[in-house]
Amino acid sequence: MSLWYAICSLIPTDFLSLDFMKNALLAVLIMTPLFGILSTMIVTGRMSFFSDALGHSGFTGIAVGVLCGATFPIYWAVGLAVLFALLFSYVRSRTSQSADTLIGVFSSTAVALGIFIATLGGGSFTKFNKYLIGDILSVTPREIGLLAAVLLAVAVLWVFASNRLVLTAVHPALASSRGISTARYETLFTVCIAVVVTLAMSWVGLMVINSLLVLPAAAARNIARNLREYHRYSILGALVCGLLGLITSYYIGSSAGAAIALYLALFFTITFALRKTRA
């Protein structure tokens with residue numbers, strides 16, 4: 001982190017005069033490309049509400065961790081969200097129910113269980129508010145390191161399996177006929193989303209994290225002419241909106257997660273307008 005602090009000190013702005021803002025900036029630089037990459041798969045696979053469901057399961061994990069007296073309840077959230085994703089993949093492969101129906105079942109169950117555990121014995125819900133709204137200024141170097149490791153893992157997966165992941169999302173039957181293990185890649189994808197959502201939940205906020213995983217690709221799809229542009233615009237859009245949202249939240253004192261989501265909504269509006277002019 002000392003190298004990163006030294007680089008930030010070369011930029012003459014009060015925005016980077018504080019260590020927690022340097023940490024937040026690095027977290028955004030790592031986190032938003034992850035959102036951009038995963039967003040393309042979420043939108044392509046028509047699983048826009050899956051990240052929201054995973055966030056609910058992550059919240060349940062937080063509640064269980066707090067109840068057990070865990071020092072870092074976020075690890076409980078990651079574990080439960082991964083379990084949730086694996087269970088979802090298992091049920092999905094063994095039923096004819098649509099994905100959105102299963103997501104609704106799992107999401108409603110997870111959020112109900114989370115609230116039940118959080119309020120057990122008359123407990124106060126206010127201590128969980130930071131996970132609903134998020135506070136990126138609280139991110140620590142240790143958490144940034146975890147996020148960087150996840151980014152590296154997702155990047156490696158993307159380099160070696162992006163075509164198979166896309167084909168599995170677009171046409172599972174065709175992918176299976178070509179010898180691709182669709183169940184394996186669907187499981188890998190859901191686990192990646194589970195880890196990213198739960199790690200970012202306390203910084204971005206459960207209320208808006210789904211928009212950060214849907215809007216980048218939805219906006220990119222408006223103007224992309226091919227798959228390469230689709231991925232590029234999604235990643236760049238998420239990165240730019242993330243930086244703008246963090247800077248805006250610093251100067252006006254708003255939630256960074258909400259500011260990023262609003263910039264992404266503006267990104268979608270602009271690309272939608274450009275799509276109509278280019279049609």
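**Pockets, cavity and core of a predicted model**

Me: How much space lies in the largest pocket?
Reply: This is a predicted model, in which local features need pLDDT of at least 70, side-chain atom pairs count only at pLDDT 80 or more, and totals for chains, interfaces and linings use all residues. Residues are numbered from 1 along each chain as its sequence is written, and side-chain values use heavy atoms, with hydrogens and water left out. A pocket is an open set of points on a 1 Å grid over the protein atoms alone, with protein on both sides within 12 Å along at least five of seven lines. Points are joined across faces, edges and corners, and a volume is the space filled by probe spheres set on them; for the largest pocket this is about 230 Å³.

Me: Which element gives the most to the lining of the largest pocket?
Reply: Lining residues have an atom within 4 Å of a point, and 14 residues qualify here, with G45, R92, T168, A169 and E186 nearest the centre. Two or more residues come from each of α2, α7 and α9, helices being DSSP runs of H or I with at least four residues, numbered from the N terminus. The most, 4 residues, come from α7.

Me: What is the volume of the largest cavity?
Reply: A cavity is a set of grid points where a 1.4 Å probe fits but cannot get out. The count comes to 1 cavity of 30 Å³ or more. The volume of the largest cavity is about 50 Å³.

Me: How many residues of the cavity lining are nonpolar?
Reply: The largest cavity is lined by I37, L38, M41, V154, L157, W158, L165, F189 and C192. Ala, Val, Leu, Ile, Met, Phe, Trp, Tyr, Cys and Pro count as nonpolar, Asp, Glu, Lys and Arg as charged, and the others, Gly among them, as polar. The lining has no polar and no charged residues, and its nonpolar residues number 9.

Me: Is S249 buried or exposed?
Reply: S249 lies in helix α12 (residues 227-252). Beyond its neighbours within four places in sequence, S249 is in contact (heavy atoms within 4.5 Å) with S254, S255 and A256. Because its relative accessibility is 9%, S249 counts as buried.

Terms used. Buried < 20%, exposed > 50% of the residue type's maximum accessible area, 1.4 Å probe, protein only.
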